[in-house]
Amino acid sequence: DRMAEDHKNARNLAEGLSEIPGITIDLDRVQTNMVMVNVKKEFPNGVAAILEQNGVKALDRGMGNLRLVTHYGVEDTDIYTALEVFRRIMN
């Protein structure tokens with residue numbers, strides 16, 4: 001039951017991210033609680049560091065590629081917050 005909620009949250013996150021200019025995501029690959037994202041914008045200290053400073057944890061895979069994971073404790077409101085942080089830093 002818990003994994004179904006994580007997968008739903010990951011899908012909502014992925015769909016929201018796909019609407020933000022400068023972010024590329026293959027929605028067909030989002031089938032679990034992991035979301036792979038590519039950020040086209042350059043950040044001097046890396047996008048993962050900027051996200052973490054704003055309360056969003058992401059694994060930096062290099063070259064603007066990130067891995068985001070939804071899990072126990074990540075709620076709908078956290079997804080909306082993460083999307084707002086991405087929108088803000090991409091502007």
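The following dialogue sets values computed from this predicted model against their definitions.

Guide: This is a predicted model, in which local features need pLDDT of at least 70, side-chain atom pairs count only at pLDDT 80 or more, and totals for chains, interfaces and linings use all residues. Residues are numbered from 1 along each chain as its sequence is written, and side-chain values use heavy atoms, with hydrogens and water left out.

Visitor: What makes the pattern of the protein α-β-β-α-β-β-α?

Guide: Helices (H or I, at least four residues) and strands (E, at least two) are DSSP runs, numbered from the N terminus. The protein has 3 helices and 4 strands, and reading along the sequence gives that pattern.

Visitor: Why is the radius of gyration said to agree with that of a compact globule?

Guide: The radius is taken over C-alpha atoms, and the globule rule is 2.2 Å times the number of residues to the power 0.38. For 91 residues the rule gives a value near 12 Å, and the protein has 12 Å, so the two agree.

Visitor: What makes a set of residues a nonpolar core, and which residues have the most contacts inside the largest one?

Guide: Such a core is a set of buried Ala, Val, Leu, Ile, Met, Phe, Trp, Tyr and Cys residues joined through side-chain atoms within 4.5 Å. Buried means under 20% relative accessible area, exposed over 50%, and partly exposed in between (1.4 Å probe, protein chains only). The largest core has 27 residues, and Leu-17, Val-35, Val-37 and Phe-86 have the most contacts inside it. Its largest share, 7 residues, comes from α3.

Visitor: Why are the buried residues of α1 said to line one face?

Guide: These residues are Asp-6, Asn-9, Ala-10, Leu-13, Ala-14, Gly-16 and Leu-17. Seen down the axis of α1, they fall within an arc of 165 degrees, so they line one face of the helix; the arc is that of the directions from the helix axis to the C-beta atoms. Their cover includes β1, β2, β4 and α3.

Visitor: What makes β2 and β4 a pair?

Guide: Two strands pair if DSSP finds at least two bridges between them. Met-34 has Val-69 in β4 as its bridge partner.

Technical notes
Contact = heavy atoms within 4.5 Å.
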